[in-house]
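Here's a quick briefing to read alongside the model. Keep the viewer open and follow the topics in turn.

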Amino acid sequence: MPVRKKPEIVTFPTADGAAVSAAAYVADRETEKQLKDLLPKWGYETAHIGRGTLREVIRDYSEKTMPTVLIVDISRVSLPLSDLQALADICPPRVNVVVLGTEDNVGLYRDLMEIGVTDYLVKPVPSDLLFRAVARASGRLAARKTEPRVGKSVAVYGVRGGVGATTTVLNTGWLLANHHNRHVMLVDLNLTSGTLALEMGLEPTSGLSDLLTDPDRIDPVFVDRATLAAEDRVKLLASETDFAAAAPYEADAVAQLMQHLRSRYHFIIQDVDRAAPETAMTVLQNADVRVLVMDPTLASVRDAARIVKLLKSETGEKKILLVLNRSRSRAGGDVPVEKISRFVDHPVDIIIPFEKKRLALASLNAEPVVREKIPVTDAFLKLAAELIGRKGTSSRSGWLFGLRGG
């Protein structure tokens, strides 16, 4: 009786027929040869397959788009979790990481799974195990039942007009991208009078308005067409519709758009429109982090207290950050910080110092004021660290590869 051959692992197309890209940085020639032979056969476009460390991965992808699947080798790395933290800082949520190593250690495996690695395989890796790991990472096989890795939605709301919410969105987003190497999407939800695109020197399109007023159009192709690129890691969605033709949108449409964006960006920062209070409050309630920007006036303190009370009435623990923007030189009628905290029933987390001339010049030049090393930059750096969860330090918090909402 003839011996029956084992079925060969062959490629199969993704659901949309699109090729999936993969890159591998390994420590030995045998693994390199194995991947160079198998990945193209399995239908993956290979951006890079060669020997290299986690530091080389970071160097190569600090300024360019990562492939869908990233295979890294930690067998010669002395501090793998520390180096994976540095890799995670530049890794958008859509990228899945498969780790190879030589330690058959349950503790290490659990640590790697906890920080969001898709799989850990011990070398030498059998081809069938490698195939399943890469297929799970690319979405070709169902992933293990783990909590989904998503970016964090941040809603920034000016409790009164002119208190600096847009300035907060722009400068915090820029620091998250350029100081912390995160991929950031800024969204201006004021479709008629928003100034975020103006502050960034970009020409708004009708794309965001179309997405929010007709959420059935939310798909990768249409969102990409509507997206404006400010920098490699900073993107913008903004519209400037005619006052007479402006159509209202529902908070559900914003939530649907956020759900789409959360798989592609570390942070989605929304500049919430105050003109529609009911929608604005729902957007705040839906966000993972709510940033309330105020100035030290009585009216601002009153409105901040009302909003904090509403948000604290929710079930669940979502973060509220209170930002006090000294948008004018100190006046006799300013409410002291300790009285603000007591009346609002929430501590003032960040104080933005008065920098009228520098902020005006930055706005005129359509660039973030935090490009300069000035006191206002330190305040926005503190806010960015709060959003990441580091409290101004480099300690680990949450999953490394991707962020969990909430």
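This is a predicted model: local features need pLDDT of at least 70, side-chain atom pairs count only at pLDDT 80 or more; totals for chains, interfaces and linings use all residues.

Strands (E, at least two residues) and helices (H or I, at least four) are DSSP runs numbered from the N terminus, and two strands count as paired if DSSP finds at least two bridges between them.

Residues are numbered from 1 along each chain as its sequence is written, and side-chain values use heavy atoms, with hydrogens and water left out.

- Strand E12 (residues 319-325) has 6 of its 7 residues buried, so the rest of the structure largely encloses it. Here buried means under 20% relative accessible area, exposed means over 50%, and partly exposed is in between (1.4 Å probe, protein chains only).
- Strand E11 (residues 289-294) runs parallel to E12, and the two pair over 6 bridges. Leu-292 is the residue opposite Leu-322 in E12.
- With strand E13 (residues 350-352), E12 makes 3 bridges, again in the parallel sense. Val-323 faces Ile-350 in E13, and Asn-325 has Ile-352 as its bridge partner there.

- Contact means heavy atoms within 4.5 Å.

**The five-stranded sheet**

- The other open sheet to look at has 5 strands, ordered E2-E1-E3-E4-E5, with parallel pairing. Its edge strands are strand E2 (44-51) and strand E5 (119-122), each of which pairs on one side only.
- From one strand to the next, the twist averages 15 degrees.
- Strand E1 (residues 20-26) and strand E3 (residues 69-73) are parallel partners over 4 bridges, and Ala-22 has Val-69 in E3 as its bridge partner.
- Helix H4 (residues 106-114) packs on the sheet against strand E4 (96-101) and E5, its direction making about 150 degrees with that of E5.
- Helix H5 (residues 127-138) also packs on the sheet, touching E1, E2, E3, E4 and E5, at about 165 degrees to the direction of E5.

**H12 against H13**

- The axes of helix H12 (residues 298-312) and helix H13 (residues 337-344) come within 9 Å and cross at roughly 35 degrees.
- On the H12 side, the contact uses Val-301, Arg-302, Ala-304, Ala-305 and Val-308; H13 supplies Ile-340, Phe-343 and Val-344.

**Nonpolar cores**

- The largest nonpolar core has 45 residues, and those with the most contacts inside it are Tyr-157, Val-187, Leu-212, Leu-257, Leu-261 and Leu-292. Such a core is a set of buried Ala, Val, Leu, Ile, Met, Phe, Trp, Tyr and Cys residues joined through side-chain atoms within 4.5 Å.
- Neighbours within four places in sequence aside, the contacts of Tyr-157 include Ala-165, Met-281, Leu-292 and Ile-307.
- A second, separate core has 39 residues, among them Leu-176, Ala-197, Ala-238 and Ala-362.

- Most residues other than glycine have a negative phi, and most peptide bonds are trans.
- Lys-123 and Pro-124 are joined by a cis peptide bond, with omega about -5 degrees. Pro-124 belongs to the loop between E5 and H5.
- Asn-181, in the loop between H6 and E7, has a positive phi near 60 degrees. Asn-181 is partly exposed, at 27% relative accessible area.
- Ala-366 has a positive phi too, near 55 degrees, and sits in the loop between helix H14 (356-364) and helix H15 (375-388). The relative accessible area of Ala-366 is 26%, which makes this residue partly exposed.

Notes:
Axes are lines fitted to C-alpha atoms, for helices over the stretch in contact, and angles run from 0 to 180 degrees between N-to-C directions.
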